[in-house]
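The sequence and model come before the details.

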Amino acid sequence: MQLTRVDDHVHLATGTNVNWALVTEGDSVTLVDAGYPNDAGAVLESLAAIGRRPGSVAAIVLTHAHLDHMGGIPTFTSRYGTPVYTGAEEARHARREYLQQITPGEMLGQCRHPRGVKWVAQTLRAVLPHARMALSEVNTAPFDVALDVPGRLVPVSVPGHTSGHTGYLMPEAGVFFSGDALVTGHPLSTLGEGPQLLPGVFNTDEARMRTSLESLRDVRADTLVPGHGPVARGPLADHLDAALRRGA
Ligand SMILES: [Zn+2]
């Protein structure tokens with residue numbers, strides 16, 4: 001687990017090729033995503049590293065219901081009854097009313113590249129015992145209305161990677177948590193580090209994802225905290241331009 005301080009109230013943690021974030025307000029914490037199931041220990045470690053306990057987590061906000069983002073959630077919901085929030089469509093995905101994710105065949109196709117072999121091995125190890133995981137209790141968060149959670153995060157609709165993908169804006173700090181709608185790196189990326197779309201194989205509807213990103217231009221943020229890759233500083237609009245120009 002790697003922990004990066006973003007500002008006084010925000011930390012970015014990295015587990016198995018994926019990020020989650022910790023937003024503090026006083027002693028309380030909002031988790032933005034929660035890593036793979038086997039990252040649960042690392043999520044607890046990240047809390048301890050900022051001087052908080054698991055019971056300090058007042059809420060978990062989920063960008064999207066892929067296993068590498070929701071895997072650590074049951075650790076909190078089962079022991080502490082921690083409420084989980086995401087957009088209405090993504091809540092259906094989290095309950096597994098349907099499933100949108102890379103197929104086993106597409107995944108094995110990544111073994112064509114040497115960097116893909118390592119990623120596939122790590123991912124299979126992390127996913128296989130938990131492939132059927134679903135979240136039964138997920139609260140629907142209306143878009144563009146601040147949630148009553150530490151950090152007063154505002155859910156923002158950013159569909160495309162999944163149909164209900166939800167970003168979160170922390171208006172006072174100017175921090176945007178983009179999940180997988182906009183990332184700054186990935187083990188399978190050929191673009192190195194910097195704002196970019198995830199490789200197309202991961203995205204349910206890439207055209208819709210591009211339209212979503214265009215719609216974020218008016219979001220006032222100068223710190224990007226993505227689901228994969230390091231924090232990016234500077235106006236969000238610049239990161240959007242760079243990502244849309246580079247493609248994936
Ligand atoms: Zn994803």
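The zinc ion is coordinated by H64 (NE2), H66 (ND1), H161 (NE2) and D180 (OD), at 2.1 to 2.4 Å. Donors here are N, O and S atoms within 2.8 Å of the metal (3.2 Å for Na, K and Ca), and since water is not among the atoms, sites may look incomplete. The arrangement is irregular because the 4 donor atoms subtend angles of 90 to 175 degrees around the zinc ion.

The model is predicted: local features need pLDDT of at least 70, side-chain atom pairs count only at pLDDT 80 or more, and totals for chains, interfaces and linings use all residues. Residues are numbered from 1 along each chain as its sequence is written, and side-chain values use heavy atoms, without hydrogens and water.

Both H66 and D180 are buried (under 20% relative accessible area, 1.4 Å probe, protein chains only).

An open sheet of mixed pairing holds 7 strands in the order β1-β2-β3-β4-β5-β6-β7. Strands are DSSP runs of E with at least two residues, and helices runs of H or I with at least four; strands pair if DSSP finds at least two bridges between them. β4 (residues 28-32) and β5 pair in the parallel sense over 4 bridges, with T30 opposite A59 in β5.

Angles run from 0 to 180 degrees between N-to-C directions of axes fitted to C-alpha atoms, for helices over the stretch in contact.

| Helix | Strands touched | Angle |
|---|---|---|
| α1 (residues 40-49) | β1, β2, β3, β4, β5 | about 35 degrees with β3 |
| α3 (residues 73-80) | β4, β5, β6 | about 140 degrees with β5 |

Definitions and conventions
Four donors count as tetrahedral if all angles lie between 85 and 135 degrees; four count as square planar and six as octahedral if opposite donors are over 155 degrees apart and all others between 65 and 115; anything else is irregular. Buried means under 20% relative accessible area, exposed over 50%, partly exposed in between (1.4 Å probe, protein chains only). Contact means heavy atoms within 4.5 Å.
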